[in-house]
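This report covers salt bridges and a helix packing contact. The structure is shown first.

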Amino acid sequence: MDQLKNGVFGKFLVFNDVGHSGKLNHRMLLSQVFYKDKSKMVFRVFGNDVSFTEDDFHTITGLKIEASDYSFVDDREYNLKEQYFSDVKNDLKVDNLYKFMQKRSLLRAGATNGVCVDIEVCDEDAVKLAEIYLLEAVLLGKEHSRNISDRSMKIIDDAELCASFPWGSFCFNELIYNLSHLLTTE
């Protein structure tokens, strides 16, 4: 737990009483004004345009931002999926990771009934898997039925790259893309 708390996403574990208003979020998303400029989201609030930029995202999250091309990550090797999820035939989903971590947690708590995990997870990999979950489910807000990004897994699997990676820019761009896509298609 100390490794996770001291890692790149550790600050998100200290939020105790964070809540959200579904109605407020819904109204804000419905009031989004679409621009061709994907570097910001603009909302109409009381007749005024209010923008949400990458700098605003950095201020809120504290995650590093910088202009970067992430394509170099696609050629990297990683073993987390093969090592722990070899039984998953298609794309790894957030739910697969959640259930795996939940089983590990139950085993550590001493539960033995109906819990069978035959793979031993070292502390370093347990932290990486928790970071992937925090990134995908919390920061990117993916539903449990959504796929986990291979790119995210490759970055997190390399501790040095993960620590220096501009997660703020990556998350902001992913959120803008996903929200724009959802709001124009649904």
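## Salt bridges

E66 and K64 form a salt bridge, with their closest N and O atoms 3.7 Å apart; the term requires a side-chain nitrogen of Lys or Arg within 4 Å of a carboxyl oxygen of Asp or Glu. E66 counts as partly exposed at 36% relative accessibility, and K64 counts as partly exposed at 36%. Buried means under 20% relative accessible area, exposed over 50%, and partly exposed in between (1.4 Å probe, protein chains only).

The model is predicted: local features need pLDDT of at least 70 and side-chain atom pairs pLDDT 80 or more, while totals for chains, interfaces and linings use all residues. Residues are numbered from 1 along each chain as its sequence is written, and side-chain values use heavy atoms, without hydrogens and water.

The structure holds 6 salt bridges. One of them joins K142 and E136 at 2.6 Å, N to O; K142 is buried at 11% relative accessibility, as is E136 at 1%.

K128 forms a salt bridge with E124, the closest N and O atoms being 3.4 Å apart. The two residues lie 4 residues apart in helix α6, and therefore about one helical turn apart. Helices are DSSP runs (H or I, at least four residues), numbered from the N terminus. K128 is buried at 8%, whereas E124 is partly exposed at 48%. A network of salt bridges links E124, K128 and D157.

## S152 in helix α7

S152 lies in helix α7 and is buried, at 0% relative accessibility. Beyond its neighbours within four places in sequence, S152 is in contact (heavy atoms within 4.5 Å) with L135, E136, W167 and F170.
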